[in-house]
Amino acid sequence: AERRIFARRERLSVSQWASRYLIVQDGIYRGSPLRLDVSPFLAGPMDAFGDPRVREVVVCGSLQVGKALLLYACLGWAMDYRPGIKMLTMPTRESRDRVVEKKLRPMLQGSPLLRRMVGKYRRENILLRDGTSIELATAESPSQRASITVQDLIVDEEDLYSGGGDSSPLQDFKGRTRSYGDFAKIIRACQPKGDESSSIWRGITEQVDQLMCYEVTCPACRHVQLMDVGHIVVPGGETDTRLIRSRKLARYRCPHCQYLWSDHSRDLAVAAGRWRPYVWTGAAFEPAPEVRDARSLGFHLPAVLSRFVSLSDLAARRAIAQASDDAAVQRQYYNDDLGLPWSPVELRTDVEHVLERRDPHLPPRTVPHGAVALTCGIDVQKHGFWYLVRAWMPSLASYVIDYGSLSSWDEVAT
C-alpha cells in the first residue's frame with residue numbers, strides 16, 4: 001500500500017487525460033468518453049495548456065468548434081495534476097448559474113475521477129476534497145475580481161465582459177494569478193464579437209508570443225494547406241440557399257489539385273492536419289517562423305474545421321451575408337462562422353474628404369495622362385438626367401472628368 005501511495009504517477013497530457021476521463025454531456029456523443037478524433041484540432045490548445053513552459057493559452061474560435069469542452073478539459077486536468085485554487089470566470093451571474101447547472105456540474109459528476117474530488121457545491125465556488133476550490137466569478141462583481149489569489153485561471157466569453165467599477169475585468173482576473181508567478185496558468189476561449197477591438201481577437205493577434213493556425217491535408221494530392229472559405233464552391237451554380245443546405249451541394253475545391261471535397265473528405269483532411277505558426281497581416285493569415293520558448297500561444301479555430309458544420313451551411317450563410325445590406329447579418333457571418341472580426345464599411349462624404357481626393361493640377365474636363373478609357377453614366381430621373389464622366393487608368397483607378405445635369409433626351413444624345 002505504501003509503495004502504491006508513493007509511486008510516481010503516470011503523467012498524461014491534457015488531451016490524453018481528457019480522452020481517458022471525460023464523458024461528453026451533450027450533443028450526438030452524449031454519454032460516451034471524449035473522442036478527440038471527432039475534433040482533432042482541440043488537442044493542440046489542450047496540450048499547450050499542459051506544457052510546463054506555457055503560461056497562457058488564448059483561443060479565438062467560431063461557434064460549434066468545442067471551446068467550452070476545451071476549457072473544461074483543461075480545468076479537469078488541472079484539478080487532477082495541479083492542486084491549488086482555480087477560478088472559472090463568466091460574464092454575468094445568470095450565465096454563471098446556467099453554465100454550472102447545465103455544463104460544469106454534469107461534467108464533474110459524469111467523470112468518476114472528478115466526482116471523487118468534489119466536496120461541496122456552492123453558489124460562488126465548488127469546494128474540493130484536497131482543501132482547495134474552484135471559484136466561480138463574474139465580470140459584474142469588482143469584489144470577486146479583487147478578493148482572492150488563484151493558481152489556474154479559466155476565462156470564458158471574455159468579449160461579453162462589461163464589468164463594474166473603473167478597471168478591466170479581464171486584467172483584474174489575470175492579476176489574481178501574479179502571486180504564483182510563472183507557475184500560474186491561464187486559458188481564455190471566446191468567439192470574437194464585433195470589430196478588431198474584440199478582446200479575444202487582440203489576444204491572439206497582439207498579446208501572444210506565437211499565433212497558431214490549423215493546416216489540413218488534401219486527401220487527394222496530400223498538399224498541406226490552410227483552409228479558406230473562399231474555396232467553397234457550389235458545382236452547377238445553384239443559388240437557392242435552401243437547396244444548397246438540404247441537398248448538401250457545396251464542395252471545397254483544393255487550390256492545388258482542384259479536387260472537390262465533400263464534408264467527409266473535409267473531415268479526413270482535418271484528421272490529417274497539424275498546428276503551424278502563422279501571423280495575422282491585417283488581411284490574411286501568413287506562415288511565420290516558430291518562436292522558440294514561447295510563453296503564450298494563440299489558436300484560431302474557424303467553423304470550417306468542424307465536422308458539426310457542413311460546407312453547405314457555410315456556403316448558404318456566405319451567400320446570405322453577401323446579398324444582405326444588414327450589418328448585423330454580415331457581422332454574424334464573420335464572427336460566428338469565420339471566427340474573424342468585422343467592421344462595417346462606412347463611406348465618408350464630408351466636404352473635406354472629397355476635396356482631399358482631387359488633383360489640384362488637373363484642369364476641369366481634362367483626361368489625365370495614361371488613361372485608357374472613358375465612361376459616362378447617366379441616371380434617369382423623373383425630371384431630367386444626371387451624368388458622370390470618368391477616366392480610367394490600367395490599375396482601375398479613376399478620375400471624375402465631368403458631371404452635371406441634362407434636361408432632355410436630345411441633350412443626352414448630343
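A polar contact here is a pair of N or O atoms within 3.5 Å; within protein, one atom must be able to donate a hydrogen and the other to accept it, and residues adjacent in sequence count only if both atoms are side-chain atoms.

1. Basis. This is a predicted model, in which local features need pLDDT of at least 70 and side-chain atom pairs count only at pLDDT 80 or more, while totals for chains, interfaces and linings use all residues. Residues are numbered from 1 along each chain as its sequence is written, and side-chain values use heavy atoms, with hydrogens and water left out.

2. Glu-215. This residue lies in strand E8 (residues 210–217); strands (E, at least two residues) and helices (H or I, at least four) are DSSP runs numbered from the N terminus. Glu-215 is buried, at 8% relative accessible area. Buried means under 20% relative accessible area, exposed over 50%, and partly exposed in between (1.4 Å probe, protein chains only). The Glu-215 side chain makes a polar contact of 2.6 Å with the side chain of Tyr-278. Leaving aside residues up to four places away in sequence, Glu-215 touches Val-224, Gln-225, Leu-226, Gly-273, Arg-274, Arg-276 and Tyr-278; contact means heavy atoms within 4.5 Å.

3. H2 against H3. Helix H2 (residues 14–21) packs on helix H3 (residues 43–50) at an angle of about 110°, and the axes are 7 Å apart. H2 is therefore roughly perpendicular to H3. Axes are lines fitted to C-alpha atoms, for helices over the stretch in contact, and angles run from 0 to 180 degrees between N-to-C directions. Angles of 65 to 115 degrees count as roughly perpendicular, under 35 as roughly parallel, over 145 as roughly antiparallel, and the rest as oblique. From H2, Val-14, Ser-15 and Ala-18 meet Ala-43, Met-46, Asp-47, Phe-49 and Gly-50 of H3. The residues of this contact divide into 5 nonpolar, 2 polar and 1 charged. In this count Ala, Val, Leu, Ile, Met, Phe, Trp, Tyr, Cys and Pro are nonpolar, Asp, Glu, Lys and Arg are charged, and the others, Gly among them, are polar.

4. H2 against H4. The axes of H2 and H4 come within 9 Å and cross at roughly 95°, which makes H2 roughly perpendicular to H4. Val-14, Trp-17 and Ala-18 of H2 meet Ala-73, Cys-74, Gly-76, Trp-77, Asp-80 and Tyr-81 of H4. This contact has 7 nonpolar residues, 1 polar and 1 charged.

5. Buried side of H2. Val-14, Ser-15, Trp-17 and Ala-18 are the buried residues of H2. They are on the same side of H2 because they cover an arc of only 160° around the axis; the arc is that of the directions from the helix axis to the C-beta atoms. Their cover includes H3, helix H4 (67–81) and helix H6 (112–117).

6. H3. This helix is mostly covered, with 6 of its 8 residues buried: Gly-44, Pro-45, Met-46, Ala-48, Phe-49 and Gly-50. These buried residues pack against H2, H4 and the strands E1 (56–61), E7 (185–190), E13 (274–280) and E15 (296–301).

7. Val-155. Val-155 sits in strand E6 (residues 152–156) and is buried, at 0% relative accessibility. Its contacts, not counting residues up to four places away in sequence, are Leu-71, Thr-89, Tyr-161, Leu-170, Ile-187, Arg-188 and Ala-189.

8. Ser-246. Ser-246, in helix H10 (residues 241–246), is exposed, with a relative accessible area of 55%.
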